[in-house]
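My notes follow in the order I looked things up.

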Amino acid sequence: MPVVKVEQTDDTAVVLDLLTRWKTDTHAFVRSDRMVHWVARLAEQPVGVLTGTHDFGNWSLLERYQHLTDDDEGSYVTAMFVEPALRSHGIGAALLRAFVAQARSAGSPVVVAWPDEDEEGREERVRFFERNGFAFLDFPGGVHEPWLMGLPLNGRRAC
């Protein structure tokens, strides 16, 4: 397989085109000036996208991070899509690595991801994030909700 090029982009038309191949209602993932967008290209053709933000701060929801304040900004993967025929070739992992590196540079204590409410393919998405170091997050009172995952950026893998 040829080399995949991953780059940050401001080209919202490309981002929207890729995201609407996944879901029809994706404008919220793109229109905010808080969002960053990463696109993967194969032979100059866009084949994958990751959108996210580096100003997540809803720490009261997360048991391990309740000591953080509104001034502590984490990172959040809001949407991610790779062309189905090209999955399992490292494209999603390359997009995620680029976003995580940017989060680390921004000083984020954690990258949070929601593998999606859509049940179809959810197990595959959970395994993808697990392979990339993410684990399910615990909520206050020790409640474990199997939907929100995180990757701490302080060198520890467990959340």
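Which residues have the most contacts inside the largest nonpolar core? I looked that up before anything else, keeping in mind that this is a predicted model. The residues are Leu-50, Leu-95, Leu-96, Val-111, Phe-129 and Phe-134. The core they belong to has 28 residues.

**Entry: the main core**

β2 (35–42), β3 (45–56), β4 (74–82), α2 (91–106), β5 (110–113), α3 (122–131) and β7 (143–152) each supply at least two residues. I noted that α2 gives the most, with eight residues.

I then picked Leu-95 and listed its neighbours, leaving out residues up to four places away in sequence.

**Entry: overall layout**

I counted three helices and seven strands. From the N terminus on, the order is β-α-β-β-β-α-β-α-β-β. Of the 159 residues, 47% count as buried. I also looked at contacts between residues at least 6 apart in sequence: 60% of them join residues at least 24 apart. The protein exposes about 8,400 Å², and carbon and sulfur atoms supply 50% of that area.

**Entry: helix α1**

Which residues of α1 are buried? In this helix, residues 12–22, I found Val-14, Val-15, Leu-16, Leu-18 and Leu-19 buried. I recalled that an α-helix has 3.6 residues a turn, so residues three or four places apart point the same way. I traced what the buried residues of α1 pack against: β1 (4–9), β2, β3 and β4.

**Entry: strand β4 and its partners**

Next I went to β4. It is mostly covered, with eight of its nine residues buried. On the β3 side I found seven bridges, and β3 and β4 run antiparallel. Gly-48 has Val-82 of β4 as its bridge partner.

With β5 the pairing of β4 is parallel, over three bridges. Ser-75 stands opposite Val-111 in β5. I followed the chain from β4 through α2 to β5, and this β-α-β crossover is right-handed. Another bridge I noted pairs Val-77 with Ala-113 in β5.

I also checked the faces of β5. In a regular strand the side chains alternate between the two faces of the sheet. Val-110 and Val-112 lie on one side of β5, Val-111 and Ala-113 on the other. These residues are all buried, so both faces of β5 are covered.

Is Thr-78 buried or exposed? Thr-78 lies in β4. Its relative accessible area is 15%, under the 20% cut-off, so Thr-78 counts as buried. I looked for a polar partner and found Thr-51: a polar contact of 2.7 Å joins the two side chains.

Ser-108 was my next stop, in the loop between α2 and β5. It has a relative accessible area of 5%, so it too is buried. A polar contact of 2.6 Å joins its side chain to that of Ser-75. I listed the residues Ser-108 touches, again without those up to four places away in sequence. They are His-54, Glu-73, Gly-74, Ser-75, Ala-103 and Leu-153.

**Entry: the loop between β2 and β3**

Last, I checked backbone angles. Ala-43 has phi near 50 degrees, a positive value in a residue other than glycine. Ala-43 lies in the loop between β2 and β3. Its relative accessible area is 62%, over the 50% cut-off, so Ala-43 is exposed.

Glu-44 also sits in the loop between β2 and β3. Its phi is positive, about 70 degrees, although Glu-44 is not a glycine. I put Glu-44 down as exposed because its relative accessibility is 57%.

Conventions. Residues numbered from 1 in each chain as written. Predicted model: local features only at pLDDT ≥ 70, side-chain atom pairs only at ≥ 80, totals over all residues. Heavy atoms only, no water. Core = buried A, V, L, I, M, F, W, Y, C linked by side-chain atoms within 4.5 Å. Buried < 20%, exposed > 50% of the residue type's maximum accessible area, 1.4 Å probe, protein only. Helix = DSSP H or I, 4+ residues; strand = E, 2+ residues; numbered from the N terminus. Contact = heavy atoms within 4.5 Å. Areas by Shrake-Rupley, 256 points an atom, 1.4 Å probe, with all protein chains shown as cover. Polar contact = N/O pair within 3.5 Å; in protein donor to acceptor, adjacent residues only side chain to side chain. Pairing = 2+ DSSP bridges. Right-handed = clockwise from strand over helix to strand, strands pointing away.
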